[in-house]
Amino acid sequence: MYRVRLWSVKNARFLEGFYDRFERVLIALHPVFERVGYQRLEAPVAALERWTKGFLFDCQMCGQCALSSTGMSCSMNCPKSIRNGPCGGVRANGHCEVKPEMRCVWVEGFAGSERMRDGKAIRVVQIAVDRRLEGRSSWLKVAREKGQARAAARLSSKESSNAL
C-alpha cells in the first residue's frame, strides 16, 4: 500500500485531472442520486470509495477528503492526525518522527502539490475533522453539495430571466 501511496503522489497531476472529470460526473448524477436517495446509496458507494481510495491513497475515510488540496497525500495518514502541515518533528531526511520508516505525509503532500495545476491549494487551512463523518462517502458529499448549489444557481438565473 505504501508504494502505491507514493505512486499516487508522484502522479498527482494525472490523478487531479482524473478526479476533476470524475467529480463532474458525480455532480451530473446528483438528480439521480436524489431520486434514489443519498442515504440508500451511502453504504455501497462508501464501500467502493473505501476500496478505491484505500488502495490508491491509503485513505482513512474521514468523510472530508482533502486529497485534491494536499498533493494526493492523505493527511489522515499522519500518525499525529495533523491536518494542516507538518508537525515540526520531520526528520532531516523528510521522514516522520513517529514512524521513521515512513516519509512525512506533508513532505509528500508538498511534493505532490507542486505537480498539480492548483498547487497553492495546499496552503489553504483545512477545517478540523468532524469525526461524525468518518466512514461516510466524501464522493456523495461532494455530489450533494455541489449538485444542490448548481441546481440553486440554475433556479436563481431562471427566476431572474422570468422577472425580465
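Biologist: Buried means under 20% relative accessible area, exposed over 50%, and partly exposed in between, with a 1.4 Å probe and protein chains only. Which class does Arg-117 count as?

Modeller: Arg-117 counts as partly exposed, because its relative accessibility is 48%. This is a predicted model: local features need pLDDT of at least 70, side-chain atom pairs count only at pLDDT 80 or more, and totals for chains, interfaces and linings use all residues. Residues are numbered from 1 along each chain as its sequence is written, and side-chain values use heavy atoms, with hydrogens and water left out.

Biologist: Fine. How many salt bridges are there?

Modeller: A salt bridge is a side-chain nitrogen of Lys or Arg within 4 Å of a carboxyl oxygen of Asp or Glu. That rule gives eleven.

Biologist: Which residue does Asp-20 form a salt bridge with?

Modeller: With Arg-117, and the closest N and O atoms are 2.4 Å apart. The two are 97 residues apart and link distant parts of the chain: Asp-20 is in helix H2 (residues 12-28), Arg-117 in the loop between helix H5 (105-115) and helix H6 (138-163). Helices are DSSP runs (H or I, at least four residues), numbered from the N terminus. Asp-20 is partly exposed, as its relative accessible area is 27%.

Biologist: Which residues are linked in a network with that pair?

Modeller: Glu-16 joins Asp-20 and Arg-117 in a network of salt bridges.

Biologist: What about Lys-146, which side chain does it meet?

Modeller: Glu-23, in a salt bridge of 3.0 Å, N to O. That pair also links distant parts of the chain, with Lys-146 in helix H6 and Glu-23 in helix H2, 123 residues apart.

Biologist: Why does Glu-23 count as buried?

Modeller: Because its relative accessibility is 17%. Lys-146 is partly exposed at 40%.

Biologist: And Arg-136, what does it form a salt bridge with?

Modeller: Glu-42, with the closest N and O atoms 3.6 Å apart. Arg-136 is in the loop between H5 and H6 and Glu-42 in helix H4 (residues 38-57), so this pair links distant parts of the chain, 94 residues apart. Arg-136 counts as partly exposed at 29%, whereas Glu-42 is buried at 11%.

Biologist: Changing topic. Which residues make the nonpolar surface patch?

Modeller: Val-25, Leu-29, Val-32 and Val-36, about 270 Å². Patches take residues with over 30% relative accessible area and no salt bridge, joining like charges within 9 Å and nonpolar side chains (Val, Leu, Ile, Met, Phe, Trp, Tyr) within 5 Å. Areas come from the Shrake-Rupley method with a 1.4 Å probe; for residues, only the protein chains shown count as cover.

Biologist: Where is Val-36?

Modeller: In helix H3 (residues 30-36). Val-36 counts as partly exposed, at 34% relative accessibility.
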